[in-house]
Amino acid sequence: MEVQAFNLFGLPLWFMYVIAVVEVVSGIGVLVPRYSAIAAALAACNMAGALVMHLTHGQTAAAFVPFVLLVSSIAVVFLRGGIRQLASLKAG
């Protein structure tokens, strides 16, 4: 099913593995308090891309899950003090 989706979106199949690694890393990172905001920001970027791909290819119903995960990831970033964490990455 994912192969068909990536073909429909015009993305190379190797990119599917990149996305999978990003999802696993961000999923594990959210469970580690020190990295949770950074991992949630990574997940939010991933879900923003998924949302754009679904909406631009007429898959409005399939865009619901990425939207919910995007909002949840953004909430985690803010609730875990992620703005300070992300700013410290930029400064240091």
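These entries record what I looked up in the structure of this protein.

**Entry 1. Model and conventions**

I worked from a predicted model, in which local features need pLDDT of at least 70 and side-chain atom pairs count only at pLDDT 80 or more, while totals for chains, interfaces and linings use all residues. Residues are numbered from 1 along each chain as its sequence is written, and side-chain values use heavy atoms, with hydrogens and water left out.

**Entry 2. Overall fold**

I counted 5 helices and 0 strands in the protein; helices (H or I, at least four residues) and strands (E, at least two) are DSSP runs, numbered from the N terminus. Along the sequence the pattern reads α-α-α-α-α. The C-alpha atoms fill a box of roughly 40 × 25 × 25 Å along the principal axes. Of the 92 residues, 28% count as buried. I used these limits: buried is under 20% relative accessible area, exposed is over 50%, and partly exposed lies in between, with a 1.4 Å probe and protein chains only. I then looked at contacts (heavy atoms within 4.5 Å). Among those between residues at least 6 apart in sequence, 46% join residues at least 24 apart.

**Entry 3. Helices α2 and α3**

Two packed helices are described by the angle between their axes and the distance between the axes. I found that the axes of α2 and α3 come within 8 Å and cross at roughly 150°. The axes are lines fitted to C-alpha atoms, for helices over the stretch in contact, and angles run from 0 to 180 degrees between N-to-C directions. The crossing of α2 and α3 is left-handed, meaning that the near helix is turned anticlockwise from the far one by less than a right angle. On the α2 side I noted I19, V22, E23, V25, S26, G29 and V30, which meet S36, A39, A40, L42, A43, N46 and M47 of α3. By class, this contact has 9 nonpolar, 4 polar and 1 charged residues. Ala, Val, Leu, Ile, Met, Phe, Trp, Tyr, Cys and Pro count as nonpolar, Asp, Glu, Lys and Arg as charged, and the others, Gly among them, as polar.

**Entry 4. Largest pocket**

I next examined pockets: on a 1 Å grid over the protein atoms alone, a pocket is an open set of points where a 1.4 Å probe fits, with protein on both sides within 12 Å along at least five of seven lines, and lining residues have an atom within 4 Å of a point. The largest pocket holds about 430 Å³ of space, a volume being the space filled by probe spheres set on the points. I counted 21 lining residues, with E2, F6, I19, E23 and A50 nearest the centre. Two or more lining residues come from each of α1 (2–9), α2 (14–31), α3 (36–56) and α4 (64–79). Helix α3 gives the largest share, 7 residues. The lining divides into 15 nonpolar, 4 polar and 2 charged residues.

A50 belongs to α3 and counts as partly exposed because its relative accessibility is 22%. A50 and P66 are 16 residues apart in sequence and 6.2 Å apart in space, C-alpha to C-alpha.

**Entry 5. Second largest pocket**

I recorded a volume of about 180 Å³ for the second largest pocket. Its lining includes E23, S26, A40, A43 and S73, and α2, α3 and α4 each supply at least two residues. The classes are 6 nonpolar, 5 polar and 1 charged.

S73 is found in α4 and counts as buried because its relative accessibility is 11%. Leaving aside residues up to four places away in sequence, S73 touches A40, A43 and A44.
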